[in-house]
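Keep the structure open while you read.

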Amino acid sequence: MLTRERIRSGWVQELVRASGVPGVLDERELAASRAACLAGRPPGAPVWVFGYGSLIWNPCFHFVERRVVTVAGWHRRFCLWTSIGRGTPDRPGLMLGLEPGGSCRGVAFRIAEAEVESELDIVWRREMITAAYRPTWVTARSEGETLRAIAFTINRAHPRYAGRLPAARIVEALATARGPVGPCCEYLFNTVTHLEELGVPDRRLRALCRAVRERQAREAFAPTAAAARALSEG
């Protein structure tokens, strides 16, 4: 499990460097990216961070308020290859990113003003290690109120960007990939479960969850069927 302590210790950066993935941001680059994002902060506005995947159920940073929100103009999609946390170079997994268009329901977390720098440092060390995302200020709505939040949208120029993959390839990656942080399917299952608990289910992710479980069930059954055939032939 990814934890606050592991992120602060530099474990994530070391994991990425050890994997040989190029383009790891150093301390100066991480700080510059964070400062550039904060420079676009609306004057006097609190800092919210929008979670649409694992941030929903494992944020790892401190916050003082949490709201279920809808962000217009962006939708989540499995569009980022990972060969480190939940995959390997031989069998990469897939992570969610925010793509332009549509809308996305998730969770916005408000960070206390006095802790903005320290807590965003943790967020950046988690999300921006290789700049596969672009930190973007988005507009979120919650119970008739509008707020601005930092969201990690996909960087389409990044080498790990997967684009629009066929459904079968997405299912295969999610069903079979596993890395140091755990199986890729766990990322999907946890996201679906927590969206359901929040009362904002995602029907596409729910359907994907069913397809992944069916793919895993077929794989689990295959050796048994092969053994049965061997016995009958013998």
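Glu 119 has a relative accessibility of 3%, so it counts as buried, the cut-off being under 20%. Bear in mind that this is a predicted model.

**Around Glu 119**
- You'll find Glu 119 in helix H5, which runs over residues 116-127.
- Setting aside neighbours within four places in sequence, Glu 119 is in contact with Arg 4, Phe 61, His 62 and Ile 111.

**Helix H2 and its buried face**
- Which residues of helix H2 (residues 11-19) are buried? They are Val 12, Gln 13 and Val 16.
- Look down the axis of H2 and its buried residues fall within an arc of 100°, so they line one face of the helix.
- What do those buried residues pack against? Their partners are helix H1 (4-9), helix H3 (27-39) and helix H5 (116-127).
- Just after H2 comes Gly 20, with a positive phi of about 85°.

**Positive phi without glycine**
- Most residues other than glycine have a negative phi, which makes the next two worth a look.
- Ala 131 isn't a glycine, yet its phi is positive, near 60°.
- This Ala 131 sits in the loop between H5 and strand S4 (133-142), and it is partly exposed, with a relative accessible area of 21%.
- Glu 143 also has a positive phi, near 50°, and is a residue other than glycine.
- Where is Glu 143 found? Look in the loop between S4 and strand S5 (145-154).
- Is Glu 143 buried or exposed? With a relative accessible area of 84%, Glu 143 is exposed, because that value is over 50%.

Definitions and conventions:
Residues are numbered from 1 along each chain as its sequence is written. This is a predicted model: local features need pLDDT of at least 70, side-chain atom pairs count only at pLDDT 80 or more; totals for chains, interfaces and linings use all residues. Side-chain values use heavy atoms; hydrogens and water are left out. Buried means under 20% relative accessible area, exposed over 50%, partly exposed in between (1.4 Å probe, protein chains only). Helices (H or I, at least four residues) and strands (E, at least two) are DSSP runs, numbered from the N terminus. The arc is that of the directions from the helix axis to the C-beta atoms. Contact means heavy atoms within 4.5 Å.
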